[in-house]
Amino acid sequence: SSDFLDQQKIQIGSGKEFTFNITRVPIYNPSTQLFGFIIENTSQYQNTIKQLLKSTRRFKRLFHTMAQGVVYHRADGEIIDANKAALELLGLSLKQIKGLKPIDPSWKVIHPDGSEFPGEEHPAMISLNKGIKVVDEIMGVYQPEKQDIVWLLVNSHPVFTRHSRKISHVIATFTDIT
């Protein structure tokens, strides 16, 4: 079996640094015990990982500091994440909101005319069921912390898997227009 030995960095004359993984591999020879070494340049891989981590940190910072509420729904409608603005607007904690679906009867949502806003008509559910984006839907949501209705302008966008028209999740965004 092969053994990962080490990760080394070398610098060439131009000052450019390369990262290498060194792996020892036994070579079968009945009369002696021989080993070969695999030297793999992982510099590009290391740079890609650094860029990915940097991008992830920027995205998380944006997600958690923006004023607009953002909620991620799985393909079955279940909420898997929400940013700070969404939690404040809805008056719920992440623990309370995770796992809820727009069709959950605990939501108290109304249309601008005061009539009930059924979960099936929620923009996220329309995006999930029809694969279309919904733009500027006005919803009144009962906010338990304020014990009042908060009026939201809601948009939802389906996100499709990379190689098919199957919906992987929906992103709902909303702004307080109370």
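## First stop: Asn 83

Select Asn 83: leaving out residues up to four places away in sequence, Asn 83 touches Phe 63, His 64, Met 66, Gln 68, Gly 69 and Val 70, where contact means heavy atoms within 4.5 Å. The model is a predicted one, in which local features need pLDDT of at least 70 and side-chain atom pairs count only at pLDDT 80 or more, while totals for chains, interfaces and linings use all residues. Residues are numbered from 1 along each chain as its sequence is written, and side-chain values use heavy atoms, with hydrogens and water left out.

Asn 83 sits in the loop between strand E5 (79-82) and helix H2 (84-90). Helices (H or I, at least four residues) and strands (E, at least two) are DSSP runs, numbered from the N terminus. Asn 83 counts as buried because its relative accessibility is 0%; buried means under 20% relative accessible area, exposed over 50%, and partly exposed in between, with a 1.4 Å probe and protein chains only.

Now display the polar contacts of Asn 83. A polar contact is a pair of N or O atoms within 3.5 Å; within protein, one must be able to donate a hydrogen and the other to accept it, and residues adjacent in sequence count only if both atoms are side-chain atoms. The Asn 83 side chain reaches the backbone oxygen of Gln 68 at 2.9 Å. A polar atom of that side chain also lies 2.9 Å from the backbone nitrogen of Ala 86.

## Second stop: the sheet

Colour the strands next. Six of them form an open sheet in the order E5-E4-E9-E8-E7-E6, with antiparallel pairing; two strands pair if DSSP finds at least two bridges between them. The edge strands are E5 and strand E6 (109-110), each of which pairs on one side only. Strands of a sheet pair through backbone hydrogen bonds, either parallel or antiparallel.

Step through the inner pairs as follows:

- E4 with E9: an antiparallel pair over six bridges, where Val 70 stands opposite Thr 173 in E9.
- E9 with E8: nine bridges join these antiparallel strands, and Phe 160 stands opposite Ile 167 in E9. E8 and E9 form a hairpin with six residues between them.
- E8 with E7: an antiparallel pair over eight bridges, where Ile 138 stands opposite Leu 153 in E8.

Select Pro 144, in the loop between E7 and E8. Pro 144 is partly exposed, with a relative accessible area of 37%. Apart from neighbours within four places in sequence, Pro 144 is in contact with Leu 90, Gly 91 and Leu 92. Pro 144 and Leu 92 are 52 residues apart in sequence, and their C-alpha atoms are 8.0 Å apart in space.

Move to Ile 177, in the segment after E9. At 39% relative accessibility, Ile 177 is partly exposed. Its contacts, leaving aside neighbours within four places in sequence, are Ile 138, Trp 151, Leu 152 and Leu 153.

Which residues of helix H4 (residues 123-130) are buried? They are Pro 123, Ala 124, Met 125, Ser 127 and Leu 128. The cover over these buried residues includes E4, E7, E8 and E9. Just after H4, Gly 131 takes a positive phi of about 70°.

Select His 122, in the loop between E6 and H4. His 122 is buried, with a relative accessible area of 15%. A polar atom of the His 122 side chain lies 2.9 Å from the backbone nitrogen of Ala 124. Not counting residues up to four places away in sequence, His 122 touches Pro 102, Phe 117 and Met 139.

## Last stop: the cavity

A search of the whole structure finds one cavity of 30 Å³ or more. On a 1 Å grid over the protein atoms alone, a cavity is a set of points where a 1.4 Å probe fits but cannot get out, and lining residues have an atom within 4 Å of a point. The largest cavity has a volume of about 170 Å³, the volume being the space filled by probe spheres set on the points. Its lining has 16 residues, of which Val 71, Leu 90, Trp 107, His 122 and Phe 174 lie nearest its centre. Strands E4 (69-74), E7 (134-143), E8 (148-160) and E9 (167-176) are the elements that give two or more residues to this lining.

How values were computed:
On a 1 Å grid over the protein atoms alone, a cavity is a set of points where a 1.4 Å probe fits but cannot get out, and a pocket is an open set with protein on both sides within 12 Å along at least five of seven lines; lining residues have an atom within 4 Å of a point.
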